[in-house]
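Work through the exercises below with the model open. Each task is followed by a stepwise solution.

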Amino acid sequence: MADVPLIEARAVVKRFGSLIANDHVDLDVAAGEIHALLGENGAGKSTLVKMLYGLMQPNEGTIAWRGKPVTLANPRAARALGIGMVFQHFSLFENLTVAENIALALDAAPSHERIEQVSRAYGLPLEPRRPVWALSVGERQRVEIIRCLLQDPKLLILDEPTSVLTPQEAEGLFATLETLKMEGRSVLYISHKLEEVKRLCDRATILRHGKRIATCDPKRESAASMARMMVGDDVAAVRLVEHDASGPVRLALVDADHMPDDPHGTSLKSVSLEVRAGEILGIAGVAGNGQDELFAVLSGERLCDRAENVVIDGVPVGRETINARRKRGTAFVPEERLGHAAAPRFRLSVNALVSGHATNGFVRRGFIDRAKALDWVDRVTKRFDVRKGARDPEAKALSGGNLQKFVVGREILRNPSILVVAQPTWGVDAGAATLIRQALVDLARRGSAVLVISQDLDELLEISDRIAVMYHGTMSMPQPVRGLSRETIGLMMAGARLGAAA
Amino acid sequence: MRIVLEKRDDTSAFAAVLSPVIAVLLTLVAGAIMFALMGKDPLAALSTYFLSPLQDWGSIQEIFVAATPIVLIAVGLSLCYLSNNWNIGAEGQLVMGAIFGGFVAIVTHGVPNGPWVFPVMLLAGMLGGALFGLVPAVLKTRFGANEILTSLMLVYVAELLLDWLVRGPWRDPHGFNFPQSVMFEPEALALRLVETGRLHVGALLMLVVVIAGAVVMGRTLKGFEVRLVGEAPRAARFAGFDDKRLTLTVFALSGALAGIAGVLVVSAQIGQLQPTISPGYGFTAIIVAFLGRLNPIGCLVAGLFLALTFIGGENAQIFLRLPLDVTRVFQGFLLFFVLACDTLMLYRIRIEREAAA
């Protein structure tokens with residue numbers, strides 16, 4: 001590739017206050033290349049591509065397009081050059097149709113025929129007249145990609161595109177990216193899934209703590225060697241020990257139906273499950289298939305129609321509040337760290353009260369015992385290695401991984417006999433993820449029943465004893481993890497029924 | 001080119017205290033300009049407004065008398081606003097409290113009674129204000145009606161009800177057809193704390209409410225619940241707090257405090273029911289709640305300051321022949337600058353130029 005690179009970042013620096021998010025980072029993407037950008041959360045990947053897309057300006061360094069230095073003052077300027085970007089979080093209006101969403105982003109609205117034609121040509125079929133709320137997550141991503149492709153980009157930036165897809169949907173996306181490459185377009189592909197990077201990408205640039213560590217050919221590296229470059233040292237694996245996962249049923253959901261308040265939510269349709277003492281039950285599924293509602297009925301944030309719908313240690317609790325269930329030894333960790341598990345602008349000692357005020361003795365006769373809450377923070381900090389700048393900072397001052405360690409640790413330190421946790425390591429760096437998974441495994445080994453709702457299949461395969469899949473508000477039969485393949489789960493995530501096959 | 005408001009990462013506690021101080025200074029500057037434009041000497045006018053009320057004991061008492069209803073209401077409103085319940089109708093709840101309390105004073109008029117009359121009036125006023133405050137709360141929790149609109153509109157309902165009562169069924173039969181009730185008997189008047197002047201037991205009540213409010217908000221689980229519901233509703237649900245029940249609670253509580261304020265206004269300041277009993281205490285309290293950082297102690301400080309402008313405004317009417325509306329304009333300035341300073345404290349302004357693509 002002796003030609004001039006399509007886009008090149010030279011020694012770009014981006015600072016946020018005292019934090020250096022990008023420290024003299026170099027990156028070049030050649031024409032017709034699929035280039036991976038690898039790194040842990042917080043390594044600076046998003047900052048770098050936001051500068052390439054004109055959303056942020058570098059403090060130092062230059063960006064060159066086809067060899068000429070350019071200033072990308074805003075995304076419009078980037079799009080004018082031929083740069084398109086698909087974000088991890090979609091920017092679609094749920095109540096508008098596919099075609100309307102596409103028209104909103106473009107200067108001239110394309111006809112329905114043109115949308116259909118382009119979407120078919122790239123193997124991403126779309127119906128322009130459907131409202132976005134009726135689309136699956138994978139289909140919504142297609143809308144975003146087609147919206148970019150209609151602008152005829154030379155470079156397409158994709159931010160963790162497969163994190164919301166089933167394995168089969170991801171295959172479809174890979175085929176589309178190959179097509180783009182054949183047409184001479186370039187793709188900058190952000191991911192931390194090393195296997196798919198090895199398969200798909202021509203080169204990979206690896207960032208760690210804001211610095212470029214290496215640019216390599218992923219086909220010549222092993223997943224382990226790239227992981228080492230990302231993390232810095234060998235990642236500790238979760239220690240699993242032989243154990244008995246056939247204790248008594250501690251938590252059960254029996255024929256639970258639930259209509260969500262949110263009109264775009266998913267109804268639960270006669271969902272049943274059982275979690276036994278000593279076992280980790282994994283719930284897989286693409287986001288938006290009823291996981292939020294499942295968490296809400298298990299925790300008691302939403303009450304069931306009948307008390308018998310939820311059973312804790314043989315007692316029907318479907319009409320009990322979340323605090324009554326906590327007093328029975330159950331603990332919960334919701335998916336959203338900020339805003340759900342913790343209040344962003346409250347200190348950690350105050351956030352300890354959010355889930356602990358009814359059970360942890362922080363409150364006596366209505367008065368808050370601040371010293372006790374602060375002591376609890378110290379214990380969680382020590383046991384779960386929560387790194388923070390002060391003894392008792394506001395929750396929003398913590399990094400994602402450290403706040404996650406806090407909100408998981410806050411529950412596990414109580415030694416709950418039942419733990420329900422959603423997305424325990426979502427957006428968390430590898431070190432914190434291992435620590436959290438180990439804590440979940442250890443809790444189960446001590447005889448607790450653990451239910452893990454996750455979109456990370458590798459995580460579920462690593463720590464679960466059995467896995468069930470949610471699809472359109474229904475729950476599959478749980479399958480023992482041994483002998484279960486990614487492909488089988490993938491098919492179940494896409495709605496295939498597994499009857500006698502198991 | 002466009003102007004963008006960007007959230008600041010970090011806001012210091014110092015800035016949170018400094019912001020209302022800057023707002024007060026800007027209000028003084030804007031007021032001085034206004035007086036100059038009206039052809040008055042700005043310094044003389046400002047000193048009439050802000051210094052003349054502090055120069056004799058009688059005026060200082062008047063400041064406390066005027067501050068009492070404002071601070072009582074502002075403490076209640078702070079609880080509402082902290083929990084994301086926008087009660088704008090305290091003025092109506094005040095009037096309804098005065099009607100309920102006034103009813104007790106009128107039916108005990110001219111019959112054997114005792115020192116229990118005034119406490120019963122306070123209880124009746126609390127009940128009236130609380131029930132009237134619950135109307136927008138129920139409409140919000142049951143039907144999703146916007147409480148800003150409903151609570152504001154209900155102010156007119158209460159005011160017109162009072163107007164009808166004093167012109168109709170409750171009119172003093174010996175009052176020469178003036179639209180007013182009988183003068184309350186001594187048992188129905190608030191206890192005076194001093195021989196000369198109007199300082200009354202309500203000032204003590206105000207201090208008790210401020211301290212109780214500060215303790216509840218700072219130390220108790222209930223205070224935590226109020227703040228959590230306002231700050232992070234999903235986290236509040238996760239904590240097992242019922243946001244609908246809290247909406248009912250804070251509306252009832254702030255209505256009850258406004259009701260007490262209403263009883264104090266009629267029994268300590270006026271001594272009877274009239275078509276109009278409040279110079280807008282319920283609306284002024286909104287300014288006071290924000291100026292006081294939604295903190296009970298802050299409300300006390302801000303309420304005394306606003307009361308100063310009321311008394312100063314009366315002096316300006318007498319000595320400078322300035323209309324009472326100038327006082328309203330002053331208070332408007334103050335709210336505007338408080339909100340502006342808060343916005344600039346929480347956000348920074350960035351000017352974005354369109355780049356040549």
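The model is predicted.

**Exercise 1. Find how many bridges join strand 4 of chain A to strand 5 of chain A, and name the partner of Ile63(A).**

Step 1. Locate strand 4 of chain A at residues 60-65. Three bridges tie this strand to strand 5 of chain A.
Step 2. Check the direction: the two strands run antiparallel.
Step 3. Ile63(A) has Val70(A) in strand 5 of chain A as its bridge partner.

**Exercise 2. Work out the strand order of the sheet in chain A and its edges.**

Step 1. Four strands make up an open sheet, with antiparallel pairing. Their order is 2-1-4-5.
Step 2. Look for strands that pair on one side only: strand 2 (19-29) and strand 5 (68-70) of chain A. These are the edge strands.
Step 3. Neighbouring strands are turned by 35° against each other on average, direction ignored.
Step 4. Place the helix. Helix 1 (residues 45-52) of chain A packs on the sheet and touches strand 1 (7-16), strand 2 and strand 4 of chain A. The helix direction makes about 120° with that of strand 1 of chain A.

**Exercise 3. Describe how helix 12 of chain A and helix 13 of chain A meet.**

Step 1. Two packed helices are described by the angle and the distance between their axes.
Step 2. For helix 12 (residues 370-384) and helix 13 (residues 400-412) of chain A, the axes come within 9 Å and cross at roughly 110°.
Step 3. Angles of 65 to 115 degrees count as roughly perpendicular. Helix 12 and helix 13 of chain A are therefore roughly perpendicular to each other.
Step 4. List the contact. Val380(A), Arg383(A) and Phe384(A) of helix 12 meet Lys405(A), Phe406(A), Gly409(A) and Arg410(A) of helix 13.
Step 5. Sort by class: three nonpolar, one polar and three charged residues.

How values were computed. Residues are numbered from 1 along each chain as its sequence is written. Chains are lettered from A and ligands numbered from 1 in the order in which they are written. This is a predicted model: local features need pLDDT of at least 70, side-chain atom pairs count only at pLDDT 80 or more; totals for chains, interfaces and linings use all residues. Two strands pair if DSSP finds at least two bridges between them. Axes are lines fitted to C-alpha atoms, for helices over the stretch in contact, and angles run from 0 to 180 degrees between N-to-C directions. Two residues are in contact if their C-beta atoms, placed from the backbone, lie within 7 Å. Angles under 35 degrees count as roughly parallel, over 145 as roughly antiparallel, 65 to 115 as roughly perpendicular and the rest as oblique. Ala, Val, Leu, Ile, Met, Phe, Trp, Tyr, Cys and Pro count as nonpolar, Asp, Glu, Lys and Arg as charged, and the others, Gly among them, as polar.
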